[in-house]
Each structure stands twice: as C-alpha cells, then as structure tokens.
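Good morning. I will take one protein chain today and go through it in a few steps. Please have the sequence and the structure open.

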Amino acid sequence: MENREDLKSILPYLPLKLESSHLVWPNPVIEALKSLSKGPSHSQVDSGEVLFLAISDLRNSLSLSPHILASSAADGYALFFDEFLSRAEAAKWFGEVVPVMADLLLRFPTLLESHYQYADIIMVGLETGLRLLDSQQPGIVFLSQELIAALLSCSFFCLFPSANRGANHLPVINFDRLFAILYEKYSKSQEHKIKCIVHYFERIHSCIPTGFVSFERKVLPLEHNLPLVSYPTADFWANSVVPLCLFEIFPSGLIEDQSRGALEVDFANKKLGGGALSKGCVQEEIRFMINPELIAGILFLPSMSDNEAIEIVGAERFSNYSGYASTFRYAGNHVDLREVDSLGRRTTKIVAIDALSRPGLRQYRANCLLREVNKAFCGFLDQPKDQEYQTLLQYYDSCEAHPANDFMDANMSKIQATLIEGCGTSVDTDEAEATQCMDSKLQVHHSDVGIATGNWGCGAFGGDPEVKTVIQWLAASQVTLLSSTVNFSFSRLLEVGYFWRKALRPFILYYTFELEALQNVDQVCNWILSHNWTVGDLWNMLADYASKRAKGETKLGFFSWLLPSM
C-alpha cells in the first residue's frame, strides 16, 4: 500500500494512518467507534448534544484541532436532533442509524484497502483509484457506494483533516458548517437540507447499496495535444460547419426528472458543490442534497479552471423535494429506478460546469464569450480514452494535414489494420463486414445521450439567459455526431475520422423554469433551424451582437436584436 502513488496523494486528507502496509484508525478511535456501534445503552449517545461531545472526542483522538470547526456546530447538532426530530425519530436515529454509521467507520480502512486492490482492473489501462485529481490532470475515480457511505459518515462526524484543504483549493468536506448555520441563521430550507442528509443515512442503515459511482475531471488541453481535443479558438467556432442539433423547450419540469438518458447539467460553482455544505440552496446545492453521494467528490476534486469540467456517473437519488432556495423542502423518500450500466453505475450522468459569476457587461466581451462556450464544450465532450481509438485519430490527423491521395494510399494498410483490429478478422476483410465492425465500434466509443440543461449561469450568477442558452446550444451542437449522414468506407476515411472524433450529443432538453426572458426561445430556435444555420453561422451572429452590446451600441436582448419582429 505504501508504494501506491494514488494513496500517497490523498492520504494527507484522510483521517486514517498507514502502518505496516495497512490503513488503520488510532486505537482510541477504534474503541470509541465500537462503543457507538453498540447503541446508546452502551455509548450513552442519545441526543444531539451528547452526539457532538462524541464527535469532539473522536477528533481529539485524531489530534484534530477543535478550533477549526465552526463555532456553532455543537449548537446546530443539538438543535436539529433534540428539537426538530420527534421522540420516535430520535430513538431510531440514535438507536439504529448511528450504530450502523459507526460500524461503517470501523470498516472504513478495510473498505479502502479493498478499493485499491480492485482499482487497477475496473477499466483496463486506466487508473481509477481514489486520489487527488488535481487541476489540469484529467482522470477518473471509481468508488463503491459502500465506500462513499463510509466517506460521508466521516463528513458527518467531522473527521476529515481540514488544515491544508483551502491552500490546495479543496472545498470544505466536514458537515460542521451545515449544522452551525442552522443555529446561527435558522431557515426552513437549511433544516430541510439536513433532513435530506439524515434521510440518506437512514436509507443506508436499512440497506447498503452495492453499485459504483465514477468521478471524472475533464480537461481541454490549452495546447494542441493529439489525440485529445484542445481548447478551441474563436476562429474554430467562427468557421465551424457543423449543423445545429435539435433543441427541445420545456417551460416547466426539472432536469433531474428527465427520462431520456441525457447528460444532466449541474450549474456549478468552480468549487464542486458550491454552498451545499453551508447555506447555499439553489440548483447545485439541491442536487447534492437529493443525491448525497455527489458530496464524496468534494474530498478529492480541487476547484475547476476555465478549461475543466467534472462529470459524475452513477450517483443515486434518495430524496424527493419541492421548492427552490428559501422554499426548498424535503418531500420524502425517492426510489431511484435508473438502469445500471456494465460497470455497476446507475445511468445518471451529471456534469458540473461553472459559469462566470456576476459578469455584468464583461460577459459580452470576446474572451468571456469564448470562455463560456468552451466551458460548456468541455463538459459536453467525451475525450477519447481508448488506445485503439487514439491511434485511429493520429492516422486521421496525419491524413488531414496531408490530404493528397498518395498519402492516403501509402497509409491505408495501417489505417485498415487499426480499424478492424479486435474484430476477429484480417486486413483482407470484406468491406461490408468491416463496416459492420465499425458500426459496433462507434457505439462503444460514443454515448448516444443528449444534454438536459436550463438557465446555466443565470439567476444567482447573473448571466444573460438568452446568451447562455445560445452558448449551450453551440457547445452541444459542436460535439454532435450525425451518424446518419456518413456511410462508412475505407475510401472516405477523412469523413469518418472527422465524424468519429465527435461525442454523440444528438439533442438538448432545455428547461426554462418559466423564465420570462426565454418566453420566445422556441420561436427563435425554430427560425434558426428553419434557415439551416451551422454552428459557425450562429456563433458569428452571437459574437457580432455581443460586440455591439459590450460597446453600448444596443441594449436589446439577443433574440430581439436577431429578430426585431419579436
């Protein structure tokens, strides 16, 4: 274990120690957890007030400073568990749920060691172990739901060291602020955020889930780095001939309730989770409350840079809710019926992308427009991870740089061998058979989901809803793969190469949440689609408008400026 670089990177942020090649709790912590696991008759922990004393004792045994916790945390734990729970609810919490959480913590070292044993074989050729996924380091971490339950139990008991998290751009992971704010600035929404978290642990007590969740840092390299798609320039967008994808408007409804397998956009803070573990209660924070397993990513994912996004696949939803912001309310248990993929993950795909915060007129500047479209593009894009696919793209880029027929002829045998490798055939394969093989590979290399999104970067972030709508449409369209337009043949490799390097995002499901500024968005989109505009056409029109808006030459919204008759 001591030779694992992934473990070395995350160990300073964990409450465990590495001794004789094993992860362990200090002995006093083990004894305290054993006592908690036997219930209140043994531990005497039967109230919120006593619970926080037990938390403080655990922290002392880990040599964690009591001064780092929020000053009102003890009052918050006491207020919630002693005032807001009924006698029956409290009896179940302290008599049944807390002991299961303590038992999870006792097994945490074993769960983590087991995680590392299997981390190297989940996805062959890819590192998936728990580690610090630092900025500009693309990578993926696979965690079992059971391990996540242990991590969130650590958060509840405030056991994670926090001294160096801020310096490394890592958000707060312990729950002390969540409870402290309940006491300092009581609100119904804060109480109900905690109810969602408590309900998650009640569900875990009933049945430990057995699936997996993956957390991926996605990066658009700032410099050309084959075979990865790099950070696009304004000219890239201006010259794009990609058709605009389908755009479906939903005036009401919620992103998380969509049933078409779409990638669901988290209107994120650059620090994953935003104010989920403090006082925030808008789109991102609500999602983290109803899908609490998302919180685990806060442990090891530092802030996002402009060319980064975070994609999380498999997080289970545990709670229903109503309202938004100050009206948010927990509304009971949710049974998540999403299907499970071949890697044991629920087919819930969430991408966190952070928009510019309160940009004002700055959002219309060319560099800010480019930043926003590239942020969405990074989130929506699937970079190639498969070595065979990367080899194909390298040949494709060589062909693109030297399009002459003699170059194609000279390299065709290599390209053919790459294309049909693994199909159980040879380079003499009949073209029809090769085509069938390629069709299957297309399905492997690209997902066929769309984007479920809404007013990203608007509301609390202060962005222009019309501009943000168009930006997301451009980004989703640019990564669209229009498979019906290309018939595979070796002689048309350039078209296939172009086509293969796109991730399939065939539609946008756009939830306007009845925002007045977007009441005409369907008419505008239909007009644009009826004129067969490309990504480049729409980008150039948006850039022209933004330039005029930035200079004060127009005060119209983009839709009215584009179509004055509206």
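What you see is a predicted model. The protein chain has 566 residues, and 55% of them count as buried. It contains 20 helices and twelve strands. If we take the contacts in the chain with a separation of 6 or more, 76% of them are between residues 24 or more positions apart.

Next, confidence. The mean pLDDT of the chain is 88, and 84% of the residues reach 70 or more. Residues 386-393 have a pLDDT below 50, and the model gives this stretch 24 contacts beyond near neighbours in sequence. Residues 418-427 also stay under 50. For that stretch the model has 28 contacts beyond four places in sequence.

Now the helix, α18, which covers residues 521-530. Which residues of α18 are buried? They are V521, V524, C525 and I528. These four lie on the same side of α18, because they cover an arc of only 95 degrees around the axis.

On to empty space. Rolling a probe the size of a water molecule over the atoms shows where such space is left. I will look at the second largest pocket, which holds about 690 Å³. Elements that each give two or more residues to its lining are β6 (263-268), α11 (283-290) and β8 (319-322). Which element gives the largest share of that lining? That is α11, with six residues. In total, 29 residues line the pocket, and F267, V282, Q283, E284 and Y324 lie nearest its centre. By type, the lining has 14 nonpolar, ten polar and five charged residues.

Last, a single residue, S63. Find it in the loop between α4 (48-61) and α5 (73-84). Is S63 buried or exposed? S63 counts as exposed because its relative accessible area is 68%, and the cut-off for exposed is over 50%. Now find P15, which is 48 residues away from S63 along the chain. The C-alpha atoms of the two are separated by 9.8 Å.

That is the end of my part.

Conventions
Residues numbered from 1 in each chain as written. Predicted model: local features only at pLDDT ≥ 70, side-chain atom pairs only at ≥ 80, totals over all residues. Heavy atoms only, no water. Buried < 20%, exposed > 50% of the residue type's maximum accessible area, 1.4 Å probe, protein only. pLDDT = per-residue confidence, 0-100. Contact = heavy atoms within 4.5 Å. Arc of directions from axis to C-beta. 1 Å grid on protein atoms, 1.4 Å probe; cavity = no way out; pocket = protein on both sides within 12 Å on 5 of 7 lines; lining within 4 Å. Points joined across faces, edges and corners; volume = space filled by probe spheres on them. Nonpolar A, V, L, I, M, F, W, Y, C, P; charged D, E, K, R; others polar.
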